[in-house]
Protein chains: 2
Amino acid sequence: MKTLRSYLCGAWVEGNGVAQTLVNPATEEPLAEIAAAPVDWARAVTHARTRGGEALRALTFAERGQLVKAISKLIHGHRDELIALAIANGGNTRGDAKFDIDGAAGTLAAYGEVGIALGKTKFLVDGEAAQLTRSVRFVGQHIAVPRRGVAVHINAFNFPAWGMMEKAAVALLAGVPVITKPATSTALVAARMMELVVESKILPDGALSFVAGGVGDLLAQLDGQDVLAFTGSSDTGQMLRAQKNVVAQSVRVNVEADSLNAAVLGRDLDRESEGYSLFIADVLREMTQKTGQKCTAIRRVLVPESMLEAVREDLGERLSAIKVGDPAREDVGMGPVATKKQLEDVRAGIARLREEADSLIGGDGSVAEAIGVPKGKGFFVAPVLLQVRDAKSARRVHEHEVFGPVATIIPYSGDADEAIAQVARGGGSLVSSVYSDDRAFLGEMAFGLAAHNGRLFLGSSKLAGHAVGPGTVLPQLVHGGPGRAGGGEELGSLRGLAFYLQRTAVAGDKPILEALFHKKPEDAA
Amino acid sequence: MKTLRSYLCGAWVEGNGVAQTLVNPATEEPLAEIAAAPVDWARAVTHARTRGGEALRALTFAERGQLVKAISKLIHGHRDELIALAIANGGNTRGDAKFDIDGAAGTLAAYGEVGIALGKTKFLVDGEAAQLTRSVRFVGQHIAVPRRGVAVHINAFNFPAWGMMEKAAVALLAGVPVITKPATSTALVAARMMELVVESKILPDGALSFVAGGVGDLLAQLDGQDVLAFTGSSDTGQMLRAQKNVVAQSVRVNVEADSLNAAVLGRDLDRESEGYSLFIADVLREMTQKTGQKCTAIRRVLVPESMLEAVREDLGERLSAIKVGDPAREDVGMGPVATKKQLEDVRAGIARLREEADSLIGGDGSVAEAIGVPKGKGFFVAPVLLQVRDAKSARRVHEHEVFGPVATIIPYSGDADEAIAQVARGGGSLVSSVYSDDRAFLGEMAFGLAAHNGRLFLGSSKLAGHAVGPGTVLPQLVHGGPGRAGGGEELGSLRGLAFYLQRTAVAGDKPILEALFHKKPEDAA
């Protein structure tokens, strides 16, 4: 059986600790092993900071953009192989796997273009020069330069390809070397991508390191020039953020945690409208894509009382038609969750929700017989749609995220105020969506929801057929949300670079600052 | 004796705990008392969030700018009274007191203008709309709206006026209500400003609350819409940042900690040059203004070996001429430090520095006889200039900040690389300054130092007479620095608002987004 290795200090390192086995979550067949390696973390960090950091900082943004673009092409060139690994190790349908792997390649490509557009420069000019006192000579100019540290990336199990590459793309483009760690259970795709990157020799030595297994005392090595970006559970995010050395050294931390994202149907949309169809299609996709294991999945569905009957019928019919089983089969619409632990958590979570909600579809999530797998094998759960018994008093639906194909309907009057208050009870979300053709309602909702969400999706009839759903994270828009969602911010085109750069105000004599910072791109330092 | 009160839930609250006495640090004469009040912190936070937050959010940026500007005028109108309090309670000379109080009024005025320029809008548009897929209909637009929480501000003892108002100006302009807490020892100025603001009725109920004494379990009340901004010691900053509830709720935290700021003299400046005079004047001011109790004060002075003799002579002569004593007297150039505890810390810090540096001026900081105070009274320390014995091995000078009129010369070759490496050993600074007329040297230094500093000051001969020194924090430029400096960022004109706003990406149908977000200012929501 294959053993996944770490890549540190420019070499592959085999683990020698107690091994964990990676399995196919549909068949429980073992696929590979991971064991913690005996790593000198101080040395690994120093290698990345010095060899990797110096090499990356010697390049212009445009040159780094070319590297990132080349990695995109490399991933795309091995698309079929990576899709096969994602199906085997991730419980992904072919569609799920494409979403992850094309997402990785697409984000790399987008950031490659961002870098190329920035041109032959090694620093960014932030805003205009400002006169600081009454003298016209004394001015200040903000610039942004790469931090002289390493970026530690700790990723979630649900997007081994996209999660690794969306973070790496931004850090590398910013000129900061990366030490990336995938979640163990689904690490096959990430490990193969790392092999491809190493073999390709696209990146300079030290620019990208890879950790298979635990991170040991890696975080104790970080200092004020380093950054730590984490995607995953709120508990782990809190643990990382409160690490003694992370706090003591003012290490920059970005946390992207799962949240209770909401979809709100406006009362103006009738059952025949395209906006209504878009709503149904989006809820359906966000519930079942990746077996509901998406931090941006819709968990709460606000439906006007007048539309309850229709929504229950339309979602119910389509959810019931989804075939659960081995995602390697063409006829299967939804695979298993990623691990036995996830399955247990999802089943327990459904039970908690049912304390204040009724299952409309899927009961307790049991799957009598999954298609194409040996009886009793695999981590399967059925899509479960619930409805709260009392929208006013229900609490669990706003506080407990079930990370599987599970969503809960919350009936409401159709008034914007009521919907905003309900969404806000989630304590901060990555994304919420509103479906309506009533511009006044959309406006009220957008301004009312903005403080509680990192992203909003306004679905209207004319958008049907033109948009990707609210669950798709795009490189042009920020990703992250306040409160429960972790309070972080990634991507958003140039905005994502800020985390990896130091913004510095430079004050001085106007002609000197102009000469330093406003050269033509081709002459820039 | 006057007892300072808190202002919470729209009413003054008298303390009833064990009282602390505020004294005149020159004469040790008692001035006022502060005692912790029996506060229901949950209620205080709710009052600010609901009454204050709703009232502020109902205003446009321009209207909030007018409020902030009115507070500036109010402070300016009571300038003499506040200066007298600062001299009595802060150990400030008249110049020191003006620096603090005019800094408060000036920052408020600057942010008032920022708000007025933003116009009749309640949200900010962030960047251009971006097309998200192949369809021209589907676009994304970033906006920023006020967070629906409260801003808790915990300020340092050295700038009771400026510290309180620079933070309040930005939060109030952003539409976020403030609960502000001054350091107890020098709270008289802040308490008087609060009385003036309350009496003036400029602000809506709940917009500004004031805590005299401890904050109890205030931080345990905060959630993901709230923010916490702290200025002060690194230890307290770490303690606040790691608070369980702050971490659990993803409360946004900004820390501005003291740091080991550096001044670097270039080897091109001869003793007759204006650049050299600027350097000497800046070091002198940054060492002694506010008795060296400035987070931006120069602590490390890098001097080319060829210039050591001159710098030692010129700084020595001018430092020796400074009269230490009661700052209420016109002939006194430097007052005491703020408290007995500060004095003990400064004396202990000088002793630590002397383990690897020699005192050139001021010995161990003892003041034989302070002018105009009863013998043995007051927290006085003499200006102390040291020089490290071995620049290569010296560590304390880069790690231990002595928060008083103390700086240490570090000889260096004059090479930019060496100076950059030495400055970087400070582990992150708020500001560093470089003095040279050699543009190549200034450029090398600027790009080499940027990652390690929140702000840089490039002093050149032509700037003499036109600039304020590196220790002056200006509202147009960001304030804060990486690593040891706390990793925070305040001010910087519009940049400072980001901490108090939620940036949200809104995706949807192009004409709908245009109608929502690109109205003319006078029609905006």
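This is a predicted model: local features need pLDDT of at least 70, side-chain atom pairs count only at pLDDT 80 or more; totals for chains, interfaces and linings use all residues.
I began with a charge over a ring: the charged end of Lys290(B) sits over the ring of Phe159(B), 4.7 Å from its centre. I count such a case if NZ of Lys or CZ of Arg is within 6 Å of the ring centre and within 35 degrees of the ring normal. Arg64(B) also lies over a ring face, that of Phe61(B), at 4.5 Å from the ring centre.

Residues are numbered from 1 along each chain as its sequence is written, chains are lettered from A and ligands numbered from 1 in the order in which they are written, and side-chain values use heavy atoms, with hydrogens and water left out.

**Aromatic pairs.** I searched the whole structure and got 24 aromatic pairs over all chains. Rings of Phe, Tyr and Trp (its six-membered ring) pair if their centres lie within 6.5 Å; planes under 30 degrees apart count as stacked, over 60 as edge-to-face and the rest as tilted. In chain A, Phe499(A) and Tyr500(A) have ring centres 5.0 Å apart and planes at 80 degrees, so this pair is edge-to-face. The rings of Phe499(B) and Tyr500(B) are edge-to-face too, with centres 5.0 Å apart and planes at 85 degrees. Both Phe499(A) and Tyr500(A) are buried (under 20% relative accessible area; exposed is over 50%, partly exposed in between, with a 1.4 Å probe and protein chains only). Phe499(B) is buried at 15%, and Tyr500(B) at 5%. I also noted one aromatic cluster formed by Phe138(A), Tyr276(B), Phe279(B), Tyr435(B) and Phe457(B).

**Two loop residues of chain A.** Arg495(A) lies in the loop between strands E21 (490–491) and E22 (501–509); strands are DSSP runs of at least two residues (E), helices of at least four (H or I), numbered from the N terminus. Is Arg495(A) buried or exposed? It counts as buried, at 18% relative accessibility. Leaving out residues up to four places away in sequence, Arg495(A) touches Gln476(A), Val478(A), Asp126(B), Gly127(B), His142(B) and Arg503(B), where contact means heavy atoms within 4.5 Å.

Ser135(A) lies in the loop between strands E6 (124–131) and E7 (138–146) and is buried at 14%. A polar contact of 2.8 Å joins its side chain to that of His466(B). For this I need N or O atoms within 3.5 Å; within protein, one must be able to donate a hydrogen and the other to accept it, and residues adjacent in sequence count only if both atoms are side-chain atoms.

**Helix H14(B).** I found eight of the 11 residues of this helix (439–449) buried, including Phe441(B), Met445(B) and Leu449(B). At its start, a side-chain oxygen of Asp438(B) reaches to within 3.0 Å of the backbone nitrogen of Ala440(B).
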